[in-house]
Amino acid sequence: MVRDILDKALHGAELFPEEVGELMNAPLSSPEAEQIRNTAYLKSVSAGEETAEIHLRIELDASPCLTNCRFCPFATEHNLIKKRSELSLKKAVAQAVQGVTEGANALVLVCTGAYPFAQFVEAATEIRDHTPRGTVLIAHMGDLSKKQAQDLRRAGFLGFYHAIRLREGRDTDISIDRRRATLRYAEDAGLLLGTGVEPVGDEHTADELVERTMWTNIINPVYSGAVARLNPPGSEFAKRGAVSEARLCHLLAVIRLALNYDVPGLYTDAPSLNRCRAGANLLWAEPDGHTPTMRRMFGAHRNRTIADCRRVLTKAGWKLLEGPSRIFHHVES
Ligand code: SF4
(Lines give C-alpha, C1' and ligand atoms only; values in the text may rest on other atoms or scores of the structure.)
Protein backbone atom coordinates (compact mmCIF):
# COMPACT_ATOMS: atom_id res chain seq x y z
CA MET A 1 0.00 0.00 0.00
CA VAL A 2 1.34 3.42 -0.96
CA ARG A 3 0.13 4.91 2.35
CA ASP A 4 2.22 2.40 4.36
CA ILE A 5 5.31 3.08 2.27
CA LEU A 6 4.89 6.81 2.76
CA ASP A 7 4.58 6.38 6.53
CA LYS A 8 7.69 4.26 6.51
CA ALA A 9 9.65 6.87 4.51
CA LEU A 10 8.45 9.70 6.70
CA HIS A 11 9.57 7.85 9.82
CA GLY A 12 13.05 7.50 8.40
CA ALA A 13 13.09 3.80 7.57
CA GLU A 14 14.96 2.83 4.42
CA LEU A 15 12.77 1.78 1.54
CA PHE A 16 13.30 -1.42 -0.42
CA PRO A 17 13.63 -1.14 -4.22
CA GLU A 18 10.20 -2.80 -4.62
CA GLU A 19 8.64 -0.11 -2.42
CA VAL A 20 10.36 2.66 -4.37
CA GLY A 21 9.07 0.93 -7.51
CA GLU A 22 5.52 0.98 -6.18
CA LEU A 23 5.79 4.73 -5.57
CA MET A 24 7.39 5.30 -8.98
CA ASN A 25 4.61 3.38 -10.74
CA ALA A 26 1.72 5.29 -9.15
CA PRO A 27 -0.32 6.87 -11.98
CA LEU A 28 0.64 10.53 -12.26
CA SER A 29 -2.87 11.90 -11.86
CA SER A 30 -3.92 9.56 -9.05
CA PRO A 31 -4.64 10.60 -5.43
CA GLU A 32 -1.64 8.40 -4.47
CA ALA A 33 0.67 10.51 -6.63
CA GLU A 34 -0.56 13.62 -4.88
CA GLN A 35 0.09 11.99 -1.50
CA ILE A 36 3.59 11.06 -2.69
CA ARG A 37 4.39 14.66 -3.63
CA ASN A 38 2.93 16.06 -0.40
CA THR A 39 4.81 13.56 1.76
CA ALA A 40 8.05 14.20 -0.12
CA TYR A 41 7.64 17.92 0.56
CA LEU A 42 7.20 17.21 4.29
CA LYS A 43 10.26 14.97 4.36
CA SER A 44 12.27 17.58 2.48
CA VAL A 45 11.23 20.32 4.91
CA SER A 46 12.39 18.17 7.79
CA ALA A 47 15.64 16.95 6.18
CA GLY A 48 16.51 20.45 4.96
CA GLU A 49 15.53 22.12 8.23
CA GLU A 50 12.91 24.13 6.35
CA THR A 51 15.46 25.96 4.22
CA ALA A 52 16.13 26.04 0.53
CA GLU A 53 19.27 27.04 -1.33
CA ILE A 54 20.27 28.49 -4.67
CA HIS A 55 23.56 27.47 -6.25
CA LEU A 56 24.89 29.52 -9.13
CA ARG A 57 26.30 27.62 -12.10
CA ILE A 58 29.19 29.31 -13.86
CA GLU A 59 29.93 27.70 -17.20
CA LEU A 60 33.61 28.06 -17.94
CA ASP A 61 33.26 26.90 -21.51
CA ALA A 62 30.81 25.80 -24.17
CA SER A 63 32.95 23.81 -26.55
CA PRO A 64 32.54 20.82 -28.86
CA CYS A 65 33.34 17.84 -26.63
CA LEU A 66 35.07 14.70 -27.83
CA THR A 67 33.79 12.67 -24.89
CA ASN A 68 30.67 12.46 -27.04
CA CYS A 69 27.97 11.55 -24.54
CA ARG A 70 25.25 11.05 -27.10
CA PHE A 71 22.51 12.89 -25.21
CA CYS A 72 24.63 16.03 -24.88
CA PRO A 73 24.32 19.04 -27.21
CA PHE A 74 28.07 19.65 -26.78
CA ALA A 75 28.99 16.23 -28.20
CA THR A 76 31.00 16.70 -31.40
CA GLU A 77 28.94 14.08 -33.20
CA HIS A 78 25.91 16.42 -33.19
CA ASN A 79 27.90 19.25 -34.75
CA LEU A 80 25.68 21.80 -33.01
CA ILE A 81 28.45 23.69 -31.21
CA LYS A 82 30.97 24.43 -33.90
CA LYS A 83 33.81 26.19 -32.11
CA ARG A 84 35.45 26.45 -28.74
CA SER A 85 34.19 29.21 -26.54
CA GLU A 86 35.59 29.96 -23.11
CA LEU A 87 34.52 32.38 -20.43
CA SER A 88 37.36 34.78 -19.61
CA LEU A 89 38.74 34.64 -16.10
CA LYS A 90 37.58 38.22 -15.61
CA LYS A 91 33.99 37.37 -16.56
CA ALA A 92 34.01 34.21 -14.43
CA VAL A 93 35.11 36.23 -11.40
CA ALA A 94 32.51 38.92 -12.15
CA GLN A 95 29.72 36.31 -12.34
CA ALA A 96 30.90 34.75 -9.08
CA VAL A 97 31.07 38.03 -7.20
CA GLN A 98 27.68 39.14 -8.50
CA GLY A 99 26.16 35.75 -7.65
CA VAL A 100 27.36 35.83 -4.06
CA THR A 101 26.17 39.43 -3.74
CA GLU A 102 22.72 38.42 -5.02
CA GLY A 103 22.51 35.60 -2.48
CA ALA A 104 23.83 32.44 -4.14
CA ASN A 105 24.66 29.96 -1.37
CA ALA A 106 27.31 28.17 -3.44
CA LEU A 107 29.08 28.46 -6.78
CA VAL A 108 29.14 25.49 -9.15
CA LEU A 109 31.97 25.67 -11.68
CA VAL A 110 31.03 23.72 -14.78
CA CYS A 111 33.03 22.77 -17.86
CA THR A 112 32.86 20.41 -20.81
CA GLY A 113 35.30 17.56 -21.31
CA ALA A 114 37.28 19.85 -23.63
CA TYR A 115 38.33 22.26 -20.88
CA PRO A 116 41.86 21.75 -19.50
CA PHE A 117 41.99 20.64 -15.86
CA ALA A 118 44.80 23.08 -14.95
CA GLN A 119 42.71 25.95 -16.32
CA PHE A 120 39.75 24.80 -14.24
CA VAL A 121 41.87 24.89 -11.08
CA GLU A 122 43.24 28.31 -12.06
CA ALA A 123 39.70 29.69 -12.50
CA ALA A 124 38.69 28.29 -9.11
CA THR A 125 41.70 29.83 -7.42
CA GLU A 126 40.94 33.21 -8.95
CA ILE A 127 37.28 33.02 -7.95
CA ARG A 128 38.15 31.91 -4.44
CA ASP A 129 40.54 34.88 -4.09
CA HIS A 130 37.82 37.36 -5.11
CA THR A 131 34.85 36.01 -3.15
CA PRO A 132 34.20 36.16 0.60
CA ARG A 133 35.89 33.64 2.87
CA GLY A 134 33.60 30.65 3.33
CA THR A 135 32.13 30.79 -0.18
CA VAL A 136 31.30 27.20 -1.10
CA LEU A 137 32.79 26.00 -4.39
CA ILE A 138 31.51 22.90 -6.16
CA ALA A 139 33.18 21.32 -9.20
CA HIS A 140 31.02 19.87 -11.97
CA MET A 141 33.21 18.25 -14.59
CA GLY A 142 34.18 14.93 -16.11
CA ASP A 143 35.93 11.97 -14.52
CA LEU A 144 38.95 12.50 -12.30
CA SER A 145 42.18 10.79 -11.40
CA LYS A 146 43.06 10.39 -7.74
CA LYS A 147 45.51 13.30 -7.97
CA GLN A 148 43.01 15.56 -9.72
CA ALA A 149 40.50 14.96 -6.93
CA GLN A 150 43.14 15.96 -4.39
CA ASP A 151 44.04 19.01 -6.48
CA LEU A 152 40.40 20.13 -6.48
CA ARG A 153 40.23 19.89 -2.70
CA ARG A 154 43.52 21.79 -2.38
CA ALA A 155 42.17 24.48 -4.73
CA GLY A 156 39.37 25.12 -2.24
CA PHE A 157 36.51 23.04 -3.58
CA LEU A 158 34.25 21.66 -0.88
CA GLY A 159 31.92 19.78 -3.21
CA PHE A 160 31.91 17.68 -6.35
CA TYR A 161 28.87 16.95 -8.53
CA HIS A 162 28.92 13.66 -10.38
CA ALA A 163 26.41 11.09 -11.54
CA ILE A 164 26.25 7.70 -13.12
CA ARG A 165 24.15 8.72 -16.07
CA LEU A 166 21.02 6.89 -17.12
CA ARG A 167 22.06 4.24 -19.65
CA GLU A 168 25.71 4.93 -18.91
CA GLY A 169 27.92 2.94 -21.25
CA ARG A 170 25.16 2.81 -23.88
CA ASP A 171 24.27 6.46 -24.35
CA THR A 172 27.86 7.34 -23.37
CA ASP A 173 31.26 5.75 -23.91
CA ILE A 174 32.01 5.90 -20.19
CA SER A 175 31.82 2.82 -18.00
CA ILE A 176 30.00 2.73 -14.70
CA ASP A 177 33.25 1.54 -13.09
CA ARG A 178 35.00 4.70 -14.28
CA ARG A 179 32.27 6.83 -12.71
CA ARG A 180 32.52 4.87 -9.48
CA ALA A 181 36.30 5.32 -9.37
CA THR A 182 35.89 9.09 -9.76
CA LEU A 183 33.37 9.20 -6.93
CA ARG A 184 35.69 7.20 -4.71
CA TYR A 185 38.65 9.50 -5.46
CA ALA A 186 36.50 12.55 -4.76
CA GLU A 187 35.24 11.18 -1.48
CA ASP A 188 38.74 10.07 -0.39
CA ALA A 189 40.02 13.56 -1.16
CA GLY A 190 37.44 15.01 1.23
CA LEU A 191 35.01 16.38 -1.35
CA LEU A 192 31.31 16.17 -0.47
CA LEU A 193 29.20 14.67 -3.21
CA GLY A 194 26.16 15.97 -5.01
CA THR A 195 24.50 13.63 -7.46
CA GLY A 196 21.25 12.96 -9.28
CA VAL A 197 19.16 10.87 -11.63
CA GLU A 198 19.88 12.30 -15.05
CA PRO A 199 19.47 13.17 -17.84
CA VAL A 200 15.86 11.98 -17.78
CA GLY A 201 14.04 11.42 -21.07
CA ASP A 202 10.61 10.12 -21.95
CA GLU A 203 11.88 6.62 -22.71
CA HIS A 204 13.36 5.80 -19.32
CA THR A 205 11.43 3.08 -17.59
CA ALA A 206 10.33 3.06 -13.97
CA ASP A 207 12.82 0.23 -13.30
CA GLU A 208 15.71 2.30 -14.63
CA LEU A 209 14.68 5.30 -12.54
CA VAL A 210 14.29 3.15 -9.42
CA GLU A 211 17.72 1.59 -9.90
CA ARG A 212 19.41 5.00 -10.17
CA THR A 213 17.33 6.42 -7.31
CA MET A 214 18.51 3.65 -4.98
CA TRP A 215 22.08 4.18 -6.10
CA THR A 216 22.07 7.93 -5.38
CA ASN A 217 21.24 7.17 -1.74
CA ILE A 218 23.99 4.57 -1.43
CA ILE A 219 26.87 6.91 -2.27
CA ASN A 220 26.05 9.07 0.72
CA PRO A 221 25.64 12.41 -1.05
CA VAL A 222 24.70 15.73 0.51
CA TYR A 223 22.07 16.09 -2.17
CA SER A 224 20.41 14.14 -4.91
CA GLY A 225 17.74 15.13 -7.39
CA ALA A 226 16.83 14.97 -11.05
CA VAL A 227 17.09 16.94 -14.25
CA ALA A 228 15.43 16.52 -17.61
CA ARG A 229 17.48 15.88 -20.72
CA LEU A 230 17.85 18.73 -23.19
CA ASN A 231 17.44 16.83 -26.42
CA PRO A 232 19.95 17.79 -29.10
CA PRO A 233 17.79 18.92 -32.05
CA GLY A 234 17.81 16.47 -34.95
CA SER A 235 19.26 13.65 -32.84
CA GLU A 236 17.71 10.28 -32.00
CA PHE A 237 17.06 11.69 -28.52
CA ALA A 238 14.74 14.30 -29.96
CA LYS A 239 12.72 11.38 -31.37
CA ARG A 240 12.70 9.60 -28.01
CA GLY A 241 11.02 12.65 -26.51
CA ALA A 242 11.28 14.86 -23.45
CA VAL A 243 10.13 13.81 -20.01
CA SER A 244 6.95 15.58 -18.97
CA GLU A 245 7.02 18.09 -16.14
CA ALA A 246 4.50 15.95 -14.23
CA ARG A 247 6.72 12.86 -14.45
CA LEU A 248 9.80 14.79 -13.39
CA CYS A 249 7.95 16.19 -10.34
CA HIS A 250 6.85 12.67 -9.46
CA LEU A 251 10.40 11.36 -9.84
CA LEU A 252 11.78 14.10 -7.61
CA ALA A 253 9.24 13.26 -4.93
CA VAL A 254 10.09 9.56 -5.08
CA ILE A 255 13.82 10.30 -4.88
CA ARG A 256 13.22 12.42 -1.77
CA LEU A 257 11.26 9.64 -0.11
CA ALA A 258 13.99 7.12 -0.91
CA LEU A 259 16.74 9.36 0.48
CA ASN A 260 17.79 9.16 4.09
CA TYR A 261 17.11 12.07 6.39
CA ASP A 262 20.84 12.84 6.58
CA VAL A 263 20.73 13.92 2.92
CA PRO A 264 19.51 17.51 3.29
CA GLY A 265 19.19 18.54 -0.36
CA LEU A 266 16.92 17.68 -3.28
CA TYR A 267 18.00 19.56 -6.39
CA THR A 268 16.62 20.32 -9.78
CA ASP A 269 17.70 22.72 -12.48
CA ALA A 270 14.58 24.65 -13.49
CA PRO A 271 12.81 27.10 -11.19
CA SER A 272 9.51 25.22 -11.26
CA LEU A 273 6.85 25.74 -8.63
CA ASN A 274 5.58 22.18 -8.94
CA ARG A 275 9.04 20.68 -8.51
CA CYS A 276 9.63 22.82 -5.41
CA ARG A 277 6.26 21.72 -4.03
CA ALA A 278 7.31 18.12 -4.65
CA GLY A 279 10.27 18.63 -2.32
CA ALA A 280 13.02 20.30 -4.34
CA ASN A 281 14.88 22.65 -1.99
CA LEU A 282 17.95 23.32 -4.12
CA LEU A 283 17.86 25.10 -7.45
CA TRP A 284 20.68 25.71 -9.87
CA ALA A 285 20.57 29.29 -11.11
CA GLU A 286 22.18 29.91 -14.46
CA PRO A 287 21.58 33.45 -15.69
CA ASP A 288 24.55 33.50 -18.05
CA GLY A 289 24.47 29.92 -19.27
CA HIS A 290 25.82 28.72 -22.57
CA THR A 291 26.44 30.24 -25.95
CA PRO A 292 23.92 32.15 -28.08
CA THR A 293 23.55 28.91 -30.10
CA MET A 294 22.44 27.02 -26.99
CA ARG A 295 20.06 29.80 -26.04
CA ARG A 296 18.55 29.68 -29.51
CA MET A 297 18.14 25.91 -29.23
CA PHE A 298 16.73 25.78 -25.74
CA GLY A 299 15.30 29.26 -25.31
CA ALA A 300 14.00 30.44 -21.97
CA HIS A 301 14.98 27.18 -20.27
CA ARG A 302 18.42 28.65 -19.90
CA ASN A 303 17.21 31.88 -18.29
CA ARG A 304 17.28 31.08 -14.63
CA THR A 305 18.32 34.03 -12.56
CA ILE A 306 18.84 33.93 -8.82
CA ALA A 307 15.78 36.16 -8.53
CA ASP A 308 13.71 33.63 -10.56
CA CYS A 309 14.81 30.82 -8.25
CA ARG A 310 14.13 32.86 -5.11
CA ARG A 311 10.65 33.81 -6.30
CA VAL A 312 9.66 30.23 -7.04
CA LEU A 313 11.11 28.74 -3.85
CA THR A 314 9.41 31.37 -1.73
CA LYS A 315 6.11 30.78 -3.48
CA ALA A 316 6.47 27.06 -2.74
CA GLY A 317 6.77 27.87 0.96
CA TRP A 318 10.53 27.58 1.40
CA LYS A 319 12.63 29.84 3.60
CA LEU A 320 15.75 30.92 1.71
CA LEU A 321 19.09 30.30 3.38
CA GLU A 322 21.30 33.35 3.71
CA GLY A 323 25.05 32.88 3.46
CA PRO A 324 27.13 29.82 2.58
CA SER A 325 25.44 26.52 1.80
CA ARG A 326 24.19 24.57 4.80
CA ILE A 327 23.74 21.53 2.60
CA PHE A 328 27.50 21.44 2.16
CA HIS A 329 28.34 22.47 5.71
CA HIS A 330 25.96 20.26 7.65
CA VAL A 331 28.44 17.38 7.55
CA GLU A 332 31.26 19.51 8.95
CA SER A 333 29.27 21.24 11.67
S1 SF4 B 1 31.65 15.07 -21.05
FE2 SF4 B 1 30.05 16.55 -20.51
S3 SF4 B 1 30.20 18.12 -22.10
FE4 SF4 B 1 31.30 16.32 -22.87
S5 SF4 B 1 29.77 15.21 -24.08
FE6 SF4 B 1 29.74 14.33 -22.01
S7 SF4 B 1 28.11 15.47 -20.91
FE8 SF4 B 1 28.65 16.64 -22.78
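Overall form to begin with. A compact globule of 333 residues would have a radius of gyration near 20 Å, and the protein chain has 19 Å, so the two agree. That radius is taken over C-alpha atoms, and the globule rule is 2.2 Å times the number of residues to the power 0.38. Along the principal axes, the C-alpha atoms fill a box of roughly 55 × 45 × 35 Å.

A word on the source. This is a predicted model: local features need pLDDT of at least 70, side-chain atom pairs count only at pLDDT 80 or more, and totals for chains, interfaces and linings use all residues. Numbering runs from 1 along each chain as its sequence is written.

Now burial. Buried residues make up 50% of the 333; buried means 20 or more other C-beta atoms, placed from the backbone, within 10 Å of the residue's own.

Next, the cores. The largest nonpolar core has 90 residues, and Ile138 and Leu252 are among those with the most contacts inside it. A core here is a set of buried Ala, Val, Leu, Ile, Met, Phe, Trp, Tyr and Cys residues joined through C-beta atoms within 7 Å. Helix H10, residues 245-258, gives the largest share, 9 residues. Apart from that core lies another of 9 residues, including Ala62, Ala75, Phe237 and Met294.

Last, the ligand. Which residues surround the ligand? They are Cys65, Thr67, Asn68, Cys69, Cys72, Phe74, Ala75, Thr112, Gly113 and Gly142.

Definitions and conventions. Near = placed C-beta within 6 Å. Buried ≥ 20, exposed ≤ 12 C-beta atoms within 10 Å, placed from the backbone. Helix = DSSP H or I, 4+ residues; strand = E, 2+ residues; numbered from the N terminus.
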